Amino acid sequence: MKPNTQQLQDLVTQVRRDVLRMVHAVNSGHPGGSLGCAEYFVALYQVLMDRKDTFEMDGKNEDIFFLSNGHISPVFYSVLARSGYFPVSELATFRKINSRLQGHPTTHSHLPGVRMASGSLGQGLSVALGAAQAKKLNNDDKLVYVLLGDGELQEGQNWEALMYAAANKVDNVIATVDLNGKQIDGPTDEVLNMGSLKAKFEAFGWDVLSIEKGNDIEAVIEGLTAAKAKTGNQKPVMVLLHTEMGNGVDFMMNTHAWHGKAPNNEQLENALYQNLMTLGDY
Amino acid sequence: MKKYTNLGSKDTRSGFGAGLTELGKKNENVVALCADLIGSLKMDDFKKNHPERFFQVGIAEANMIGLAAGMTIGGKIPFTGTFANFSTGRVYDQIRQSVAYSEKNVKICASHAGLTLGEDGATHQILEDIGLMKMLPGMTVINTCDYNQTKAATLAIAEHNGPVYLRFGRPVVPNFIPEDMPFEIGKAIVLSEGTDVTIVATGHLVWEALQAAEALEKEGISAEVINIHTIKPLDEETILKSVAKTGCIVTAEEHNYLGGLGESISGVLALNKPTPQEFVAVNDVFGESGTPEALMEKYGLNAQSIIEKAKKVIARK
């Protein structure tokens, strides 16, 4: 049975707490993008994906997901743990020595739920397209999801992949761009203005949808459901997910400052006060 | 010494093409990707026989490596094909993160390696690729010496679970490895036994090493010729056993001496049995345009050079 909106909202809040506590504990990691994508991950793993309870690398006959902007690993790990892939208590090992929860996701440590290493940007879309084509060869009608950062689109490999997907009609993939408009050095428009991404993706032959309220769980579910309906139509599908970096914590929003910075004790307390415990901390 | 005859000169890349054609028939999980060099890589037959398993990616090597990594998820065994330069240096980070670190079963198949690419010049003549690939944890690195060995290696790597870099070349060269010789990844082949000097060669230099050994024999020098096709993992046992007998070694490869086979062997010798060694390799410079023969002579990568280095290293014993 699918969870109701309140249950999903509770999970989103708990995920935000996990993210904040994880990066605070090791005084490193990337809270900004992680907080902004909490609704996306919860919607994906709790509602959209037709996935198996156990993890197998091959992911045959189930929907699979790839994270290209690997630095938002805190939200990925939190949602994987809270979706049953590994014990929630393991979140306490994030970025520590001998942990399966590396700073950026890796398959090397055999963490259930992770199918490729990411962190060096711009590589995830190609991998997702390869996996999508393998699904077609295997007569597997399930989908491949991939999340990309917007700053990451400055990497050229993405555009090779975008061109390839349309030319080869890879229509069993749903790519999502986390459009928070910020990267390490500042607003994406100032660092390297990419113009209209919608126009660019459409010119590259993709079916493009927008989710204007990327931090509204119902809007995200509705948008991704619409994207799912567009698959199998000879065109790859792209979702522009408008999010707020640092969403859920007032002093982390409207700035790129929290891209890769952990809160201190006082800031953590303030941030957690804005996200009261719902499902129990790890 | 044991003599080898040229069974009829062919290019090593055709050995790759023939191996891939055979794999297409016998292993339905094998898929092939190419970055606009189907003819050069001899992938035409595979493409014709299995269009659904062949992926033309265009001039976009980074995407090709990523696609290949993704295709392994679902059980495919991807073989990527382009020139050695574009198979390694151009896509190093993609191979590092999406293939090697992610432990994906991708076979990176690289033609036109080294100086013997010829007239196109240094932009295309990579002499650093073995080094780049051998430094990646978990990567198997193979450099084949003729048509038969390249075909056998192509078949063998499909059975090996893990990332592989398979390096071969453009020119037509002697084909002398018996067709029925088994190809065992990581196992050196003692082509001819000898007692005065060990000559270890890989790739196009193997035939040259055999020619050098024949010439040395006429001068009363007994050379042991070993073909190392797998540079990583290296067959240390065979090398150490040989130098225990000969007391000196010449390594020969179509690669920069930095990062190549010779360097790997130096490490083995330093740790186990310090032994005089001479390098037949490119001396840390870029190549240039010219015929393969002219280039190999100018850069000292031929039988004559091996003979000279063999005499030099024997004198150092």
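Predicted model: local features only at pLDDT ≥ 70, side-chain atom pairs only at ≥ 80, totals over all residues.
Which domains does the domain assignment give for chain B? The answer is domain 1 (10–173) and domain 2 (189–315).

**Stop 1**

Select residues 10–173 and 189–315 of chain B and give each domain a colour. The C-alpha centres of domain 1 and domain 2 of chain B lie 25 Å apart. Where the domains meet, 27 residues of domain 1 of chain B are in contact with 31 residues of domain 2 of chain B. On the domain 1 side, highlight α7 (129–134), β6 (140–143) and α8 (147–159) of chain B, the elements that give two or more residues to this side. The largest share, four residues, belongs to β6(B). Sorted by class, this side of domain 1 of chain B has twelve nonpolar, eleven polar and four charged residues.

**Stop 2: a mixed sheet in chain B**

Next, show the strands β9, β11, β10, β13 and β14 of chain B, which form an open sheet in that order with mixed pairing. From one strand to the next, the twist averages 25°.

Now pick β10 (residues 197–201) and β13 (residues 249–256) of chain B: these strands run parallel and are joined by four bridges. To find a pair of partners, select B:Thr198, whose bridge partner in β13(B) is B:Ile249.

**Stop 3: a parallel sheet in chain A**

Move to chain A and select β1, β2, β3, β7 and β6, an open sheet of five strands in that order, with parallel pairing. Strands β1 (64–67) and β6 (207–211) of chain A are the edges, with pairing on one side only for each. Neighbouring strands here are turned by 20° against each other on average, direction ignored.

Between β6(A) and β7 (residues 237–242) of chain A there are five bridges in the parallel sense. Click on A:Val208 to see one end of a bridge; the partner in β7(A) is A:Met238. Helix α9 (residues 217–229) of chain A touches β3, β6 and β7 of chain A, and its direction makes about 170° with that of β6(A).

**Stop 4: two packed helices in chain A**

Select helix α3 (residues 38–48) and helix α4 (residues 73–82) of chain A, which pack at an angle of about 30° with their axes 10 Å apart. That angle makes α3(A) roughly parallel to α4(A), because angles under 35 degrees count as roughly parallel. Their crossing is right-handed. Show the side chains of A:Ala38, A:Phe41, A:Val42 and A:Tyr45 in α3(A), which meet A:Val75, A:Phe76 and A:Val79 in α4(A). This contact has seven nonpolar, no polar and no charged residues.

**Stop 5: where the chains meet**

Finally, show both chains: the contact takes 27 residues from chain A and 22 residues from chain B. On the chain A side, α5 (124–137) and α6 (156–167) each supply at least two residues. The largest share of that side, ten residues, comes from α5(A). By class, the chain A side divides into eleven nonpolar, eleven polar and five charged residues.

Terms used: Residues numbered from 1 in each chain as written. Chains lettered and ligands numbered in written order. Axes fitted to C-alpha atoms, helices over the stretch in contact; angles between N-to-C directions. Parallel < 35°, antiparallel > 145°, perpendicular 65-115°, else oblique. Left-handed = near helix turned anticlockwise from the far one by under 90°. Contact = placed C-beta atoms within 7 Å. Nonpolar A, V, L, I, M, F, W, Y, C, P; charged D, E, K, R; others polar. Domains from an automatic or database assignment. Pairing = 2+ DSSP bridges.
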